[in-house]
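Biologist: Please take a close look at the ligand site and at the helix packing beside it. A single connected account would be appreciated.

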Amino acid sequence: MPSDLLKIDVDQDIPASTEVVVVGGGVIGVATAYELARKGVQVVLLEKGRIADEQSSRNWGWCRKQNRDEREIPLIKYSLQRWVEISEEIGRDISFRASGITYVSDKQADVDQWEAWNQMAKAYDMDCRMLSAREAQSMAKGTTKQWLGGANSPTDGRAEPGCAVPFLAQAARRAGVIIVQHCAVRGVELSAGRVSGVYTEKGHITCQTVVCAGGAWSSLFLRRLGISLPQASVYSTALRTGPAPEIFTGGLSVPGVAMRRRIDGGYTLGLGGRGRLDITPQGMRYAPKFIPMMKERHGGLKIRIGKSFFEGPEAWYRKWSYDEASPFERFRILPLRAEDSLVAEAEKVMVSTFPELKGVKIEEAWSGLIDSTPDGVPVISAVDDIPGLIISSGYSGHGFGIGLGAGRLTADLVCNDTTVVDATPFRHARLVDGSAIQRPGMM
Ligand SMILES: Cc1cc2nc3c(=O)[nH]c(=O)nc-3n(C[C@H](O)[C@H](O)[C@H](O)COP(=O)(O)OP(=O)(O)OC[C@H]3O[C@@H](n4cnc5c(N)ncnc54)[C@H](O)[C@@H]3O)c2cc1C
């Protein structure tokens, strides 16, 4: 994990039984557990590594409704509302700041794309808007570049991945959730076709419901049960600087780099759409479903065969026994290594765009494995064939901002309550029932 990930105290032992087991302690698992506890449900959350050790501590920290897939808009609006109110609710500053997110560009194609999105978004009563060239210029102070225009949402925001999910996990524990780290769930026990428990590396837990919130590992986890979750993953690189002059307060995307002001006075930098796609057995299995996405988005990806063919979430595994170490514990935490060439590129673009930042130190760089569905929208859904099994996964590179809302929606599905927003766009069946895969709408 990046070095700023907060370590928290957790429980050491698993109970013999509970109502719900949540698999995975990223933002989705933790937010789900927290919301279930608020509903008075008994929950055990099991994490094979540490809380937020994978994507949920390695992301850029952008929480945005802007330029989002239309199917996600009601949920992200609700999620942003939760980010605003959660600090007071848990009695701790979770680090969310509604400091705005801005996109600027010198390319007409970018401006046209944002314009089309803003036209669509008018129906959703939001504060997103287009920026003239002059406004775009004033949003990115001190740049030597000339922008054609931009787009802005003043109430989009940012939060610190290093502490946000750990703070929420602490609140979940106070609300009664049992959280155990270094405890991989090896599989789900079924009795008469429905969920009756889980097998973990620390023993068996009886339960009525299992929530699979395993991020990049979810597809592998579900396959052991005969459930298909088409997922493909991309290693994405990010980095952070040391303290630097404040040229904007929120998030700013310029061609070639996305930057976010950090609470510690530095910036987190990322390269949208750039990364490494490893050819893996899982990737080959689901490749046909990803063809439409790849046709549009392969440009920024390096494709290679490497170690992930043989180890990690997408490797080829025989059916493992629940009595022996599973792939989740044999390969406990995804590697952190950043792509050096992308780190150098991000720094170069930052300095050429903002000469004032020349000499600012790059303190740390890392990578994270982004799990994507073929249509770029998560699965938040019961599984038709297995009563008691809920999937909340496949957040496709934008699950941090939507995470608090997604946790609530997942908890609603577990309890069979009226859902906070319509869950239909997120149903599992859309990816496996043979219907045409919709084009991803997230930018
Ligand atoms: C570089 C990068 C930048 C990003 N930037 C943004 C951004 O700016 N804004 C945004 O909204 N999103 C962003 N994202 C995406 C966002 O981080 C993810 O969508 C989100 O964190 C997913 O949360 P999750 O809980 O589903 O998965 P994860 O955070 O990956 O958590 C899943 C957890 O499940 C555990 N697990 C898996 N299998 C098991 C098992 N069998 N037993 C026990 N535990 C298990 C794993 O160890 C892991 O900790 C970014 C991602 C990356 C990598």
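Modeller: In this predicted model, a polar backbone atom of Trp62 lies 2.8 Å from a nitrogen atom of the ligand. A polar side-chain atom of Glu47 is placed 2.6 Å from an oxygen atom of the ligand, and a backbone N or O atom of Val27 is found 3.3 Å from an oxygen atom of the ligand. In total, 35 residues surround the ligand, and the closest are Glu47, Ser56, Trp62, Gly399 and Gly401.

On the α1 side the contact is formed by Val27, Ile28, Ala31, Thr32, Glu35 and Leu36, which meet α11 residues including Gly399, Phe400, Gly403 and Leu404. By class, the residues of this contact of α1 with α11 comprise ten nonpolar, five polar and two charged.

Helix α1 also packs with helix α3 (residues 73-90), at an angle of about 60° and with the axes 14 Å apart. That angle makes α1 oblique to α3, and the crossing of α1 and α3 is left-handed. Here Tyr34, Glu35 and Arg38 of α1 meet Arg82, Ile86, Glu89 and Ile90 of α3. The residues of this contact of α1 with α3 divide into three nonpolar, no polar and four charged.

Methods:
Residues numbered from 1 in each chain as written. Predicted model: local features only at pLDDT ≥ 70, side-chain atom pairs only at ≥ 80, totals over all residues. Heavy atoms only, no water. Contact = heavy atoms within 4.5 Å. Helix = DSSP H or I, 4+ residues; strand = E, 2+ residues; numbered from the N terminus. Nonpolar A, V, L, I, M, F, W, Y, C, P; charged D, E, K, R; others polar. Near = heavy atom within 4 Å. Polar contact = N/O pair within 3.5 Å; in protein donor to acceptor, adjacent residues only side chain to side chain. Axes fitted to C-alpha atoms, helices over the stretch in contact; angles between N-to-C directions. Parallel < 35°, antiparallel > 145°, perpendicular 65-115°, else oblique. Left-handed = near helix turned anticlockwise from the far one by under 90°.
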